[in-house]
Amino acid sequence: MIRLENISKQYDLGGTTVDALKDVSLEINRGDYAAIMGPSGSGKSTMMHILGILDSATGGKYFLEDYDITALPDKEQARIRNKHFGFIFQSFNLFPELSAIENVMLPMSYAGIPYKTRKDKAVDLLQEVGLGHRMTHLPTMLSGGEQQRVAIARSLSNDPDLILADEPTGNLPSDKGEEIMEILESLNKRGVTVVMVTHNPAQGRRAGYVIELRDGMLIPGSPNLEAQNV
Ligand SMILES: Nc1ncnc2c1ncn2[C@@H]1O[C@H](COP(=O)(O)OP(=O)(O)OP(=O)(O)O)[C@@H](O)[C@H]1O
Ligand SMILES: [Mg+2]
């Protein structure tokens with residue numbers, strides 16, 4: 001599905017540069033469940049931004065189904081992103097003035113889907129993540145885990161082929177984190193490709209394989225597809 005070839009990412013800080021990713025090559029296949037792990041600052045979120053075509057690499061190539069994404073104009077990149085990817089990022093907050101259901105409906109209105117279809121779909125998605133009883137609540141009236149589930153429902157509104165989740169359970173107590181993991185895993189069982197950043201080794205072991213970063217580089221032998229348990 002995705003092939004990265006010698007991807008590097010430098011951040012220019014006026015005078016100094018930070019090498020956030022160095023010469024990373026890897027493949028993610030359709031239906032995979034991959035965990036990205038590594039110490040703070042090792043380049044995990046940078047990698048997620050590049051995989052999600054939210055940011056472009058400074059070197060190397062990104063192929064999506066053999067199309068060279070690097071060469072596409074921004075508008076086309078955005079179209080691919082909106083149609084095929086779902087994001088569960090801590091920085092992608094819910095809109096505080098919109099209710100749970102309105103937050104889930106929003107991406108569908110950007111996609112031009114009619115009101116009734118949007119609403120029905122948002123109801124289904126919120127029920128699926130166990131929030132059928134919280135649809136009209138504003139984010140501030142929801143717990144952290146509930147907010148994260150609204151974010152998951154929103155990320156599913158475009159029927160994504162790929163879900164990118166950056167520490168989706170990071171701010172949650174372990175029982176709430178478990179609910180999120182189970183939702184991601186049931187999506188993966190339905191064929192959705194899942195790439196998740198986690199600091200939690202137990203969560204890493206549940207993934208099909210682990211992509212391990214150190215100082216912006218893949219550690220040798222990573223990802224170990226032989227150890228794949230999916
Ligand atoms: N916008 C930016 N400008 C400059 N440097 C950046 C920027 N974003 C990240 N960096 C640097 O790039 C490196 C990788 O950052 P990244 O956010 O990818 O790490 P991470 O592995 O996600 O860490 P964490 O586990 O703390 O979230 C870090 O050294 C960071 O300081
Ligand atoms: Mg990060």
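This is a predicted model: local features need pLDDT of at least 70, side-chain atom pairs count only at pLDDT 80 or more; totals for chains, interfaces and linings use all residues.

Visitor: How does one find empty space in the first place?

Guide: The general idea is to roll a probe the size of a water molecule over the atoms, which shows where empty space is left. Here, the largest pocket comes out with a volume of about 650 Å³.

Visitor: How many residues line the largest pocket, and which lie nearest its centre?

Guide: There are 23 residues in that lining, and N82, F85, P107, Y110 and N158 are the ones nearest the centre. If you look at elements instead, those giving two or more residues to the lining are α2 (74-84), β6 (85-89), α3 (100-110) and α5 (144-155).

Visitor: What classes do the residues of that lining divide into?

Guide: Eleven are nonpolar, seven are polar and five are charged.

Visitor: And how much space lies in the second largest pocket?

Guide: About 270 Å³. Its lining is made of 14 residues, with Q90, N93, G144, Q147 and Q148 nearest the centre. The element that gives the most to this lining is α5, with four residues. By class, you'll find eight nonpolar residues, six polar ones and no charged ones.

Visitor: Now for the ligand. Which residues are closest to ligand 1?

Guide: For a ligand, you look at the shell of residues around it. Ligand 1 is surrounded by 14 residues, and S40, G41, K44, S45 and T46 are the closest. That shell holds five nonpolar, seven polar and two charged residues.

Visitor: Where do N or O atoms of the protein come up to an oxygen atom of ligand 1?

Guide: One way to read this is to go residue by residue. With K44, a side-chain N or O atom is 2.7 Å from an oxygen atom of ligand 1. The side chain of S45 also has an N or O atom at 2.9 Å from an oxygen atom of the ligand.

Visitor: How much of ligand 1 does the protein cover?

Guide: On its own, ligand 1 has 630 Å² of accessible area, and the protein covers 62% of that.

Visitor: Which elements give two or more residues to the shell around ligand 1?

Guide: Those are β2 (17-28) and α1 (44-51). The largest share, three residues, comes from α1.

How values were computed: Residues are numbered from 1 along each chain as its sequence is written. Chains are lettered from A and ligands numbered from 1 in the order in which they are written. Side-chain values use heavy atoms; hydrogens and water are left out. A residue is near a molecule or strand if one of its heavy atoms lies within 4 Å of it. A polar contact is a pair of N or O atoms within 3.5 Å; within protein, one must be able to donate a hydrogen and the other to accept it, and residues adjacent in sequence count only if both atoms are side-chain atoms. Accessible areas come from the Shrake-Rupley method with a 1.4 Å probe; for residues, only the protein chains shown count as cover. Ala, Val, Leu, Ile, Met, Phe, Trp, Tyr, Cys and Pro count as nonpolar, Asp, Glu, Lys and Arg as charged, and the others, Gly among them, as polar. On a 1 Å grid over the protein atoms alone, a cavity is a set of points where a 1.4 Å probe fits but cannot get out, and a pocket is an open set with protein on both sides within 12 Å along at least five of seven lines; lining residues have an atom within 4 Å of a point. Grid points are joined across faces, edges and corners, and a volume is the space filled by probe spheres set on the points.
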